[in-house]
Amino acid sequence: MGRRILNDALRTIVNAEKRGFASAQLQPVSNVIANFLQIMKYRGYIKDFHVHDPHRVGKITVQLLGRVNDCRALTYRQDIKAASIENYKTRALPTRQWGYVVITTPNGVLDHEEAMRQNVGGQVIGYFY
């Protein structure tokens, strides 16, 4: 999956939040976008999302809560070890209290807290706060 597709979807969410919209439409659909949104939903940054017609072009409807300040996908692949997740988190996120780094690992797409708990590393695909 192209990193540009994920970044476009995340920028659409941020722009909709800044304009005060209650929902956002994301196109095209990919499993990585759906996994990223699942983490955002679990952590309370979005209300819900629905995938419409995932086998064709499809689209995702995201219900927003107004909590997302910024979310970005990294356009370069950056490997990260389990021991250095904490250092990366302090560099990427603005404060220690909120925000999550999303990492794709052999155990699936996880946020940094879950990856440290499971002691797995992987590739950083993005972050949100």
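1. From the N terminus on, the elements run α-β-α-β-β-β-α-β-β-α-β. That gives 4 helices and 7 strands. Helices (H or I, at least four residues) and strands (E, at least two) are DSSP runs, numbered from the N terminus.

2. This is a predicted model: local features need pLDDT of at least 70, side-chain atom pairs count only at pLDDT 80 or more, and totals for chains, interfaces and linings use all residues. Residues are numbered from 1 along each chain as its sequence is written, and side-chain values use heavy atoms, without hydrogens or water.

3. The radius of gyration is 14 Å, which agrees with the value near 14 Å for a compact globule of 129 residues. That radius is taken over C-alpha atoms, and the globule rule is 2.2 Å times the number of residues to the power 0.38. The C-alpha atoms fill a box of roughly 40 × 30 × 25 Å along the principal axes.

4. Of the 129 residues, 43% count as buried. Buried means under 20% relative accessible area (1.4 Å probe, protein chains only).

5. Strand β5 (residues 100-105) is mostly covered, with 5 of its 6 residues buried. What does β5 pair with over 5 bridges? The partner is strand β7 (residues 122-128), in the antiparallel sense. Two strands pair if DSSP finds at least two bridges between them. Here Val101 stands opposite Tyr127 in β7.

6. β5 is also joined to strand β6 (residues 108-111) by 4 bridges, again antiparallel. Thr104 faces Val109 of β6 as its opposite residue. β5 and β6 form a hairpin, with 2 residues between them.

Note on methods: Buried means under 20% relative accessible area, exposed over 50%, partly exposed in between (1.4 Å probe, protein chains only).
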